[in-house]
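Open the model and keep the sequence beside it. The walk below goes from helix contacts to the sheet, and then to some backbone details.

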Amino acid sequence: MVAIRSFVLLAVLTTGLAHPLTEAKRRTAPELEALLRGNQKFRSRIAVSGKPDFLHDLAAHGQHPPFMFLGCSDSRVDEDSIFSTSLGTMFTERNIANQFHHEDANTHSVLSYAVAKLGVKHILVTGHYGCGGVAAAIETPPKPPLSGADEAIQKWIAPIREIFQTSTRKEIVELRERNKGHDEVHEPKADDPGFRALVEENVKASVQEIVNDGIIGDYFKLLEKEGHNNRTAIHGDIFVHGLVYDIDNGEVRDLKVSVGPPGKEVLTTPFPPVGTKTQAIQAPKRGSRSSKKKSSAHSRKAEH
Ligand SMILES: [Zn+2]
């Protein structure tokens with residue numbers, strides 16, 4: 001009798017305490033099926049590659065990435081895709097508009113780990129044209145009372161708004177002038193020179209913030225004092241670079257703001273500087289010239 005009572009009590013308690021999620025109907029989201037297939041493809045590509053133990057080796061020996069990448073969260077900017085690098089190459093921090101905030105524990109801890117533990121050699125701050133976070137800093141801010149989401153975004157992009165409002169760079173001053181007198185300023189076009197200039201200035205600001213940060217400052221001081229002798233604390237020289245990625249043609253440009261340890265030769269990047277002519281990428285030659293013309297006409301037709 002006691003046993004039956006206990007069973008009934010347990011059943012009532014279990015039903016009452018059951019999490020509502022367990023009672024909900026469930027089905028697999030069709031859009032996630034593609035990710036499952038993608039993961040299977042990824043694994044089989046490695047299995048048939050010349051290095052089938054690639055993942056196992058990475059897992060067994062830990063990561064030793066030569067680069068730290070600070071980029072935007074934008075889905076069109078992916079460090080391994082744009083540089084054709086493989087896993088284990090980039091230690092990554094991505095956030096809205098590739099910013100470095102000293103008071104932000106996330107970016108700060110990523111930089112600390114990259115410098116003190118992993119010993120990365122290059123930090124690549126990479127902005128991109130058409131950046132929504134930078135555009136939001138040009139737009140008229142939403143009127144109060146702000147929603148939680150608006151407040152979080154406005155707080156995060158405040159340093160970029162500050163650059164926009166105070167920069168003396170010609171293109172940015174011109175954009176500010178054009179916006180004057182408008183009650184509501186909307187997102188500029190991606191090719192607006194002022195918008196592009198602000199994207200570049202924001203990258204430069206992040207480079208400067210990183211260089212001014214105590215993590216890098218202390219590391220440079222230690223390097224200056226002890227050279228490369230203190231192998232537990234010093235991994236080698238570190239260089240911080242500013243790059244910008246063009247989402248329209250995939251090209252990466254150098255903003256020529258690279259910084260290295262004081263008194264040392266600065267190792268720069270081989271990327272072409274901003275403002276020079278875009279280098280055309282040669283498509284693989286297929287068939288004759290006339291057939292090429294025919295096929296491009298056909299593909300144009302197919303697009304419409
Ligand atoms: Zn962005």
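Are helix 9 and helix 10 parallel, perpendicular or oblique to each other? This is a predicted model, in which local features need pLDDT of at least 70, side-chain atom pairs count only at pLDDT 80 or more, and totals for chains, interfaces and linings use all residues. Residues are numbered from 1 along each chain as its sequence is written. Helices (H or I, at least four residues) and strands (E, at least two) are DSSP runs, numbered from the N terminus.

Start with the pair in the question. The axes of helix 9 (residues 170-179) and helix 10 (residues 193-212) come within 8 Å. They cross at roughly 130°. Axes here are lines fitted to C-alpha atoms, for helices over the stretch in contact, and angles run from 0 to 180 degrees between N-to-C directions. Angles under 35 degrees count as roughly parallel, over 145 as roughly antiparallel, 65 to 115 as roughly perpendicular and the rest as oblique. Helix 9 and helix 10 are therefore oblique to each other.

The crossing of helix 9 past helix 10 is left-handed. That word applies if the near helix is turned anticlockwise from the far one by less than a right angle; clockwise gives right-handed. On the helix 9 side, the contact uses Glu-171, Ile-172, Glu-174 and Leu-175. Helix 10 brings Pro-193, Gly-194, Phe-195, Ala-197, Leu-198 and Glu-201. Residues are in contact if their C-beta atoms, placed from the backbone, lie within 7 Å. By class, the contact of helix 9 with helix 10 has 6 nonpolar, 1 polar and 3 charged residues. Nonpolar covers Ala, Val, Leu, Ile, Met, Phe, Trp, Tyr, Cys and Pro; charged covers Asp, Glu, Lys and Arg; the others, Gly among them, are polar.

Now look at helix 8 (148-166). The axes of helix 8 and helix 10 come within 10 Å and cross at roughly 120°. These two helices are therefore oblique to each other. Helix 8 passes helix 10 in a right-handed crossing. Pro-159, Ile-160, Ile-163 and Phe-164 of helix 8 meet Leu-198, Glu-201, Asn-202 and Ala-205 of helix 10. This contact divides into 6 nonpolar, 1 polar and 1 charged.

Two strands pair if DSSP finds at least two bridges between them.

Follow strand 1 (residues 67-72) through its partners. With strand 2 it pairs in the parallel sense over 6 bridges. Met-68 has Phe-91 of strand 2 as its bridge partner. Phe-69 has Thr-92, also in strand 2. Strand 1 and strand 3 run parallel too, joined by 5 bridges. Here Gly-71 has Thr-126 of strand 3 as its bridge partner.

A residue is buried if 20 or more other C-beta atoms lie within 10 Å of its own, exposed if 12 or fewer, and partly exposed in between, with C-beta atoms placed from the backbone.

Turn to the loops. Ala-97 is in the loop between strand 2 and helix 6. Its phi is positive, about 65°, although it is not a glycine. Ala-97 counts as buried because it has 26 C-beta neighbours inside 10 Å. Lys-256 lies in the loop between strand 5 and helix 12 (289-303). Phi of Lys-256 is near 55°, again a positive value in a residue other than glycine. With 14 C-beta neighbours inside 10 Å, Lys-256 counts as partly exposed. The peptide bond from Pro-144 to Pro-145 is cis, with omega near 0°. Pro-145 lies in the loop between helix 7 (132-138) and helix 8.

Finally, step back. The protein has 12 helices and 5 strands. Of its 304 residues, 22% are buried.

How values were computed
Two residues are in contact if their C-beta atoms, placed from the backbone, lie within 7 Å.
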